[in-house]
Amino acid sequence: MITSRLRAWLTYFTPGVVPSAGATDSGAISADEATKAEEARYAAQLANDFPALQKLFGEDLVYTHSSALVDTKKSFIEALRSGSVKYRAMKHGELKVRTFGSVAIITGQCNFDVTVKGEDRSLALFFHSIWAKRGGAIEFVSWQSTRLTQ
């Protein structure tokens with residue numbers, strides 16, 4: 001059961017994906033589904049698999065980088081397609097997955113090696129990744145990361 005405070009928070013950050021109080025579990029997302037989707041996203045970003053990214057990313061994606069740059073689905077995919085951003089390695093540690101009906105929130109730490117506009121960076125991050133099940137498909141709808149001191 002989603003509390004009213006959590007429902008309000010999720011509605012603000014993921015509009016259109018929070019189940020109503022009377023929703024059934026037919027559209028519920030499992031922790032396993034969310035984890036597999038997160039792994040598939042990492043693989044697609046590393047491979048620059050644009051058809052997979054188009055399918056995985058929700059149209060309303062909000063991707064907030066640790067630099068505070070905010071991307072949409074379109075701008076993030078374009079940055080990858082143009083080569084201005086290239087992920088070279090993406091590894092995560094232990095993940096905590098919480099599910100709330102059709103929404104899953106993944107929290108964890110990760111290490112990304114990325115090239116941004118020709119500059120190689122190694123980033124240790126703490127992140128939240130939000131996935132939503134809509135119409136039977138699982139979509140990546142939000143990312144927020146913070147750099148960790150190394």
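**Entry 1: the strands around Gly108**

I started at Leu95 and found that it stands opposite Gly108 in β4. A reminder to myself: this is a predicted model. Between β3 and β4 sit two residues, making the pair a hairpin. In that turn I noted Gly101, with a positive phi of about 70 degrees.

Next I looked for what Gly108 meets in β5, and its bridge partner there is Phe127. So far, then, I have Leu95 opposite Gly108 and Phe127 as the bridge partner of Gly108 in β5. The pairing of β4 with β5 is antiparallel too, and I count 14 bridges for it.

**Entry 2: on to β6**

I followed β5 onward. Which residue of β6 is the bridge partner of Ile130? It is Ser142. Ten bridges pair β5 with strand β6 (residues 137-147), again in the antiparallel sense. These two strands form a hairpin with two residues between them, and Gly135 in the turn shows a positive phi of about 60 degrees.

A handy rule for my next look at side chains: in a regular strand they alternate between the two faces of the sheet.

I went back to the β4-β5 turn. β4 and β5 make a hairpin with two residues between them, and Lys117 is in the turn. Lys117 is not a glycine, yet its phi is positive, at about 50 degrees. I placed Lys117 in the loop between β4 (103-116) and β5 (119-134). Buried or exposed, I wondered of Lys117? Its relative accessible area is 74%, and the mark for exposed is over 50%, so Lys117 is exposed.

Asn48 was my other stop here. Its phi is near 50 degrees, a positive value in a residue other than glycine. I found Asn48 in the loop between α2 (31-47) and α3 (50-56). Asn48 has 22% relative accessibility and therefore counts as partly exposed; the cut-off for buried is under 20%.

**Entry 3: salt bridges**

How many salt bridges does the structure hold? The answer is eight, and I looked into some of them. As background, side chains of opposite charge can pair when their charged atoms come close.

Then I turned to Arg134, which meets Asp60 in a salt bridge at 2.9 Å, N to O. Arg134 lies in strand β5 and Asp60 in strand β1 (residues 57-64), so this pair ties together parts that are 74 residues apart in sequence. Arg134 has 24% relative accessibility and counts as partly exposed. Asp60, at 32%, is partly exposed as well.

What else does Arg134 pair with in a salt bridge? I found Glu139, with the closest N and O atoms 3.1 Å apart. That gives me a network of salt bridges linking Asp60, Arg134 and Glu139.

Key
Residues are numbered from 1 along each chain as its sequence is written. This is a predicted model: local features need pLDDT of at least 70, side-chain atom pairs count only at pLDDT 80 or more; totals for chains, interfaces and linings use all residues. Side-chain values use heavy atoms; hydrogens and water are left out. Helices (H or I, at least four residues) and strands (E, at least two) are DSSP runs, numbered from the N terminus. Buried means under 20% relative accessible area, exposed over 50%, partly exposed in between (1.4 Å probe, protein chains only). Two strands pair if DSSP finds at least two bridges between them. A salt bridge is a side-chain nitrogen of Lys or Arg within 4 Å of a carboxyl oxygen of Asp or Glu.
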